[in-house]
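Here are some notes to read alongside the model.

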Amino acid sequence: MDYSHVRDVDPAVADALEGEVDRQRDTLAMIASENHVSKAVLEAQSSVLTNKYAEGYPGKRYYAGCTYADEVENLAIDRAKELWGAEHVNVQPHSGTQANMGVYLAMLDPGDKILSLDLTHGGHLSHGHPANFTGQLFDVEQYHVDPETGYIDYDELEEKAREFEPDIIVSGYSAYPRAVEWETIQDVADDVDAYHLADIAHITGLVAAGVHPSPVGVADFVTGSTHKTIRAGRGGIIMTSEEYASDVDKAVFPGSQGGPLMHNIAGKAVGFKEALQPEFEDYAQQVVDNAETLAETFQDHGLKVVSEGTDTHLVLVDLRESHPDLTGGDAEDALDSTGIVLNANTVPGETRSAFNPSGIRAGTPGLTTRGFDEKATKEVGDLIYRVVDNHDDTDVLAEVAEDVQGLTDEFGLYE
């Protein structure tokens, strides 16, 4: 990466940028919400479109000089429609959370009711946590996964929907490893006269590639992030029918955002173009295959995998049975010291603080982008277990760090 112009102006920032390049090259990114975009996406996101204000929508801007901004945004929209089969797409949200905000502001009034999955069971802050705007503006009730199986308790969801009478039901999750029964949730929403918002932030790429069931055309609204499994420019997206198109667009601009980040939208357009290529389907399938291998490896070592496996890109491990004295935070720190970067995570039936919970969450999108197959992923799973089982043994941690360095050298990044 060339940061020579930055170095001429600001050596301190240049040092940090170059340090981050080295960090990404020399570590294994296994945070499930992270990935490595292509150099083409990086170039698009750092383009001169960062200079351009383009408030409004293509053909209806509030500023002059938007010819090329319109062209780029239209490309992003058209490619998103092709990828996910959506009638209407808004590519302007700055993040998945702001995409959710756009839907809430379009369809709800303050005090309206949201039914969503509990955060400790795999939900997301923007689905109704009290620390988030959703929990502050709306009345929130939550459903759960079955603590025995790790799968969503759809019977409880239906029961709570009938009792609570929500205005919107939120599906799609940030730490749930199984395929979602979108139609089941839509049926419940229809029965209680609620909207259905499916948040596919983590699985946008898996849905686009057809390796995970799609809620598009099922749920009233589908939101997502564009920088996780889809590997496009960082931001969010809203997909809906023409029936709700105008309301959603007004809620995004001017309702909750000013000028769109046109350089990010350029990154989205390029990433969507890459995802439309045949090889992207192979990539997405490999992401899932690698996650399944990771789950099997953990189970072979005696670790408890929530739901006993995965259908997606992530694996959630509950450490309480195998390592009752080890917290997720301590495991995260030990792994980070070896170059394996994942995150501590709450688990169903959590008994510890969310700041230092009982589980760890591991994802395979970044590894797969580097070229990892099942064999290499199993090796990583073995290393993770070795750290978890010897988290306070500095000699073991040093040995694992050497093995990680060998893997990062073999599967290079941004070379």
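1. A nonpolar core here is a set of buried Ala, Val, Leu, Ile, Met, Phe, Trp, Tyr and Cys residues joined through side-chain atoms within 4.5 Å. Buried means under 20% relative accessible area. Please keep in mind that the model is predicted.

2. The largest nonpolar core has 58 residues. Within this core, the residues that touch the most other members are Trp-84, Ile-169, Ile-230, Met-239 and Phe-272.

3. Which elements supply at least two residues each to this core? Among them are helix H7 (154-164), helix H8 (182-191), strand E5 (113-117), strand E10 (236-240) and helix H11 (262-275). Helix H4 (67-84) is also one of them, and the largest share, 7 residues, comes from H4.

4. The core draws on two domains: at least three residues come from each of domain 1 (43-276) and domain 2 (279-410).

5. The axes of helix H12 (residues 278-300) and helix H15 (residues 374-389) come within 9 Å and cross at roughly 35°. The crossing of H12 past H15 is right-handed. H12 contributes residues including Gln-286, Asp-289 and Phe-298 to the contact, and H15 contributes residues including Glu-374, Lys-378 and Ile-384. By type, the contact residues are 3 nonpolar, 6 polar and 4 charged.

Terms used: Residues are numbered from 1 along each chain as its sequence is written. This is a predicted model: local features need pLDDT of at least 70, side-chain atom pairs count only at pLDDT 80 or more; totals for chains, interfaces and linings use all residues. Side-chain values use heavy atoms; hydrogens and water are left out. Axes are lines fitted to C-alpha atoms, for helices over the stretch in contact, and angles run from 0 to 180 degrees between N-to-C directions. Helices (H or I, at least four residues) and strands (E, at least two) are DSSP runs, numbered from the N terminus. A crossing is left-handed if the near helix is turned anticlockwise from the far one by less than a right angle, and right-handed if clockwise. Contact means heavy atoms within 4.5 Å. Ala, Val, Leu, Ile, Met, Phe, Trp, Tyr, Cys and Pro count as nonpolar, Asp, Glu, Lys and Arg as charged, and the others, Gly among them, as polar. Buried means under 20% relative accessible area, exposed over 50%, partly exposed in between (1.4 Å probe, protein chains only). Domain bounds come from an automatic or database domain assignment.
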